[in-house]
Amino acid sequence: MISPCLLNIALHGLEEAAGVRYEASDPARTKRGCPALVVYADDMVALCHTRQQAERVKARMAGWLAPRGLSFNEAKTRIVTLEDGFDFLGFTVRRHAGKLITRPSKAAVKRVKHRLAAEMRALRGGNAAAVLAKINPIARGWANYYRGAASSRTFAALDRYLWQLTYKWACYSHANKPKPWIVSRYYGRFNPASQDRWVFGNRDNGAYLPKLGWTKIVRHSLVLGAASPDDPALTGYWAQRRGKNAPLLDRSVLILLAKQKGRCPLCRDLLLHADHEPSSPTEWERWHRVTRKAITKQYVTTQRDTGTSGGTRLVHSHCQRRATGASKEPAHLYT
């Protein structure tokens, strides 16, 4: 996280040098005819109205970068139309039939396929629990990062690819077993909210591999003006913005979190903290790994709610141990 922040500080002023100007009455809107600049670390996109304007903006930016010992990588710098499209931060942005479409880029899909295949090969000889522990965060993280784009077809294609990988792994693990036995062992209707009987899962504990296609597509909401998550004066704005998106957890966990307003009933503190939403597939993968560990291992667990018949609630595991004096490991929640 520190490298993009430092680069944004180092490149502060580049936008003005490129000729970007904002309306005085609406700081979120550029003046008519002005270019717009999007920068993340050393990746940037300048949106211009004509090719001539794009060439002028590039020349201005090159002149601003030169005294600072920086320059464009000409091999990666292109001037294209929206009809041709361009890749940025793992997305392909292209105008098709008059409509701007953002999709996961082909390079990003190729990378995640290669990663999944390599991980599944390394998992040969392991059990279903090991497969789920390794693949679940990768699949969930990738789907969560790209859920703001037109990703439905890509998710469906990756679901088919993941099925092929898991089936190949299962056949390798049980080379002497017939195919119907393998299917019965590792596939079924593990997700009670779905009728799909081809979900890969673990019969021992009911854990399963969620399909990317189950991820709801949520369109990205534009950030107001030059609002920065690092601005202390805008803490309330960013908290409200994050609050509009529910944490990406299992449905049963979300229901319990909503009932408890996200707080432990024993200490009244927050069960999970998320100051910044992850901004890359790798960060989303790390978020899911940390959250899974927090819920299943030591930090958050389930406790029987004595106030209601058969009820369950979420509590911090250290709060549970303090309240009950339990010395054994708490019940698993997130599989």
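Of the 335 residues that make up the protein chain, 36% count as buried, a term that here means under 20% relative accessible area, with exposed meaning over 50% and partly exposed lying in between (1.4 Å probe, protein chains only). The model is a predicted one, in which local features need pLDDT of at least 70 and side-chain atom pairs count only at pLDDT 80 or more, whereas totals for chains, interfaces and linings use all residues. Residues are numbered from 1 along each chain as its sequence is written, and side-chain values use heavy atoms, with hydrogens and water left out.

The protein chain has eleven helices and nine strands, taken as DSSP runs (helices H or I, at least four residues; strands E, at least two) and numbered from the N terminus. Among contacts between residues at least 6 apart in sequence, 50% join residues at least 24 apart, where contact means heavy atoms within 4.5 Å.

Within helix α3, which spans residues 51-65, lies Q53, a residue that counts as buried because its relative accessibility is 10%. When neighbours within four places in sequence are left aside, Q53 is in contact with G33, C34, P35 and C48.

A pair of aromatic rings is described by the distance of the centres and the angle of the planes. Rings of Phe, Tyr and Trp (its six-membered ring) are paired if their centres lie within 6.5 Å, and planes under 30 degrees apart count as stacked, those over 60 as edge-to-face and the rest as tilted. By this rule the count comes to 15 aromatic pairs. In one of them, the ring centres of Y145 and Y146 are 4.7 Å apart and the planes stand at 85°, so the pair is edge-to-face; Y145 is buried, at a relative accessible area of 15%, and Y146 is also buried, at 2%. The rings of W163 and Y167, by contrast, form a stacked pair, because their planes are at 5°, with the centres 5.0 Å apart. These two residues are separated by about one helical turn, being four residues apart in helix α6 (residues 152-173), and W163 is partly exposed at 29%. Ring pairs link W163 and Y167 with W169, Y186, Y187, W198 and F200 into a cluster.

Charged side chains also meet aromatic rings, a charge being said to sit over a ring if NZ of Lys or CZ of Arg is within 6 Å of the ring centre and within 35 degrees of the ring normal. The charged end of R68 sits over the ring of W64, at 3.7 Å from its centre, while R124 lies over the face of Y172, 4.5 Å from the ring centre.
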